[in-house]
Amino acid sequence: MRNQIVAGNWKMNKTASETESLLDELSAKLPDTHASVIVAPTFVNLSTAQNSLQSSTIVVAAQNMHFAANGAYTGEISADMLLDIGVETVILGHSERRSLFGEDDALLAQKVKTALDKGMQIIFCFGEELEERKSGNHFDVVKSQLQNALFGLDAVAWPQIVLAYEPDWAIGTGETASPEQAQEMHAFIRSTITEAFSTEIAEQVSILYGGSVKPNNATDIFSKPDVDGGLIGGASLKAEDFVAIIKAI
Ligand code: PGA
């Protein structure tokens, strides 16, 4: 059975003290679950989160990183810096990084390579914009995002990869893909990976759905056979909501 994962992307939210109190509440309320639970606070609060979660199974992830080992990249964070504080998981290619900070497939391919070479686990995000869905291009867009960033990799890298399909039009908008739309795309992603690599790799990789997952729609979305969990933005900022979503898997 594939790993089931519920990951919270906190984006640019929560101070250090707020990080501590949210994680304390989350730890206290965390249900027994077969799923891996991940939280991704902002860079400056990663160590705080690691300390708060020392005796917890919750994994701390970064929201981004640079591809270079080190050097003159003002404002950036390297893989070694993350690893040095015990952070071994990183979200790459989030739609906000793509649309607001100009990250393209070529740049993401470099970030992916660095993270994988360093032995990190990546949560690789991708998904179409509203216009692309409206014009019926969403499958082509998703395929090319995967091809450009991931299909040059060696097959052995795949156990380090988690995919997160996040249609841009569903992120932070309150508009979610229907469970059927999510399933249709996730099945397409799996068949694309089968073609490029193998059935075994396609069947092993966890594919998360992201975009306005809330306590009231999580059960339906997670019930779909090719949906292996969720990447949660807004609803991960309230322990009660995040816990309800974890219970839904
Ligand atoms: P949302 O964000 O749940 O607030 O829509 C999801 C994400 O950006 O990963």
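**Exercise 1. Describe the second largest pocket of this predicted model.**

*Solution.* Step 1: the space in the second largest pocket amounts to about 230 Å³. Step 2: its lining consists of 14 residues, and those nearest the centre are Trp 158, Pro 159, Ile 161, Gln 204 and Val 205. Step 3: strand 6 (161–165) and helix 9 (199–204) each contribute at least two lining residues; helix 9 provides the largest share, three residues. Step 4: sorted by class, this lining holds eight nonpolar, four polar and two charged residues.

**Exercise 2. Describe the largest pocket and its lining.**

*Solution.* Step 1: the volume of the largest pocket is about 390 Å³. Step 2: 15 residues line the largest pocket, with Met 12, Gln 63, Asn 64, Arg 97 and Phe 101 nearest its centre. Step 3: helix 4 (residues 95–101) gives the largest share of this lining, four residues. Step 4: by class, five lining residues are nonpolar, six are polar and four are charged.

**Exercise 3. Determine how helix 5 is oriented to helix 7, and which residues form their contact.**

*Solution.* Step 1: the axes of helix 5 (residues 105–117) and helix 7 (residues 138–150) come within 8 Å, crossing at roughly 45°. Step 2: angles under 35 degrees would count as roughly parallel, and 65 to 115 as roughly perpendicular; helix 5 is therefore oblique to helix 7. Step 3: the crossing of helix 5 past helix 7 is right-handed. Step 4: helix 5 makes the contact through Asp 105, Ala 109 and Val 112, and helix 7 through Ser 144, Gln 145, Asn 148, Ala 149 and Leu 150. Step 5: by class, this contact comprises four nonpolar, three polar and one charged residues.

Conventions: Residues numbered from 1 in each chain as written. Predicted model: local features only at pLDDT ≥ 70, side-chain atom pairs only at ≥ 80, totals over all residues. Heavy atoms only, no water. 1 Å grid on protein atoms, 1.4 Å probe; cavity = no way out; pocket = protein on both sides within 12 Å on 5 of 7 lines; lining within 4 Å. Points joined across faces, edges and corners; volume = space filled by probe spheres on them. Nonpolar A, V, L, I, M, F, W, Y, C, P; charged D, E, K, R; others polar. Axes fitted to C-alpha atoms, helices over the stretch in contact; angles between N-to-C directions. Parallel < 35°, antiparallel > 145°, perpendicular 65-115°, else oblique. Left-handed = near helix turned anticlockwise from the far one by under 90°. Contact = heavy atoms within 4.5 Å.
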